[in-house]
Amino acid sequence: MTPFQYTRATDVADAIKQIATDPSAKFIAGGTNLIDLIKYDIATPTRLIDISRLPLRNVEETATGGVLIGAMVPNTDLAYHPLIEQRYPLLSRSILAGASQQLRNMASTGGNLVQRTRCFYFYDATTPCNKREPGSGCSAIDGVNRINAILGTSGSCIATHPSDMCVALAALEATVHVTGPAGTRTIAFADFHRLPDNTPQLDTNLEPDEIITAIELPAKGFSTNYSYLKIRDRLSYAFALVSVAAALELDGDTIKEARLALGGVAHKPWRSSAAEAALLGQRADAAAFAQAADWLLHGARGYGHNDFKIGLARRAIVRTLGQAARGTPQSISDKKIR
């Protein structure tokens, strides 16, 4: 482990000033991902800037009817917050599907957005990995790639984004508030995470000297017809092989609006406007859901060990949309679906 200094930021402005003057520094809040990266010598910061005490722990309604979530709100607090449980239950269920209670107590909302991949080779510093060392190669493409991506891949990287919470935030069309030396800005959630292309070392469009201050949810929360399904190798504390966040607005049995996002299959939460458009005006039945699944998985490609994910994802999409349409949400794994 590389020796590092420890400092504490007194406010957002101080945090930005500290990170701007030390490019090798890293912010730390809950540390549930960063500590692992440091232990494995994947991250070697010379200084850790503690932002856990910044006044960013509120969950409050906005003037437009949405909800603003401070970046330091612990995952557990967010999942059980009355505003989230009542108006955005899709988000609550996705958080509770991820990690253990102890980790959720520590993990921050902002930190969840910037956690790094769980690709085996990324964590093995003895193997080539373009995310660790750009230009060195991707060991997963011809290696053990069972957990890796089937959508949005490149010749440089087939890693997946590990978050459950982010899949729901993508479906809900959240907005990320960030602050840096140039001031504040907002990033649409669809634009926050990146596909690997030729720069897989860049997971997000957050600048190195910026800090996430809040996540904003729009007024519409799809609190009746929604579902989050996570398929994993074991029920306890495993990352998703495939996860699905589905939200519908129905008029009788006709679909008026649809939101659909996949996790565990790409370098970012995966959405398709074509898949959602294919559902509009359709009867909420298995045939429409299967068509949407085909659109959402258009271009999917397996790399050998993960070929099974394509069929698994298709069945999971149809099942999750069915649960959403019936108003019978679930957030459990089920090996039988495979």
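Q: Where does Tyr123 stand, buried or exposed?
A: Burial is read from relative accessible area: buried means under 20%, exposed over 50%, and partly exposed in between, with a 1.4 Å probe and protein chains only. Tyr123 has a relative accessible area of 17%, so Tyr123 is buried. Tyr40, at 47%, therefore counts as partly exposed. This is a predicted model, in which local features need pLDDT of at least 70 and side-chain atom pairs count only at pLDDT 80 or more, while totals for chains, interfaces and linings use all residues. Residues are numbered from 1 along each chain as its sequence is written, and side-chain values use heavy atoms, leaving out hydrogens and water.

Q: How many aromatic pairs does the structure hold?
A: Rings of Phe, Tyr and Trp (its six-membered ring) pair if their centres lie within 6.5 Å; planes under 30 degrees apart are stacked, over 60 edge-to-face, and the rest tilted. The structure holds 3 such pairs. In one of them, the ring centres of Tyr40 and Tyr123 are 5.6 Å apart and the planes stand at 90°, so the pair is edge-to-face. Tyr40 belongs to the loop between helix H2 (34-39) and strand E3 (47-50), and Tyr123 to helix H8 (residues 120-123), so the pair ties together parts 83 residues apart in sequence. Helices (H or I, at least four residues) and strands (E, at least two) are DSSP runs, numbered from the N terminus. Ring pairs also link Tyr40, Phe122 and Tyr123 into a cluster.

Q: What are the distance and angle between the rings of Phe189 and Phe192?
A: Their centres are 6.5 Å apart and their planes at 20°, so this pair is stacked. Phe189 is buried at 3%, and Phe192 is buried at 0%. An α-helix has 3.6 residues a turn, so residues three or four places apart point the same way. Phe189 and Phe192 are 3 residues apart in helix H10 (residues 189-192), which means about one helical turn separates them.

Q: How many residues of helix H5 are buried?
A: Helix H5 (residues 89-96) is mostly covered, with 6 of its 8 residues buried. Among them are Pro89, Leu91 and Ile95.

Q: At what angle do helices H12 and H13 cross?
A: Two packed helices are described by the angle and the distance between their axes. Axes are lines fitted to C-alpha atoms, for helices over the stretch in contact, and angles run from 0 to 180 degrees between N-to-C directions. The axes of H12 (residues 286-296) and H13 (residues 308-326) come within 9 Å and cross at roughly 135°. The contact (heavy atoms within 4.5 Å) includes Phe289 and Leu296 of H12, and Ile317 and Leu321 of H13.
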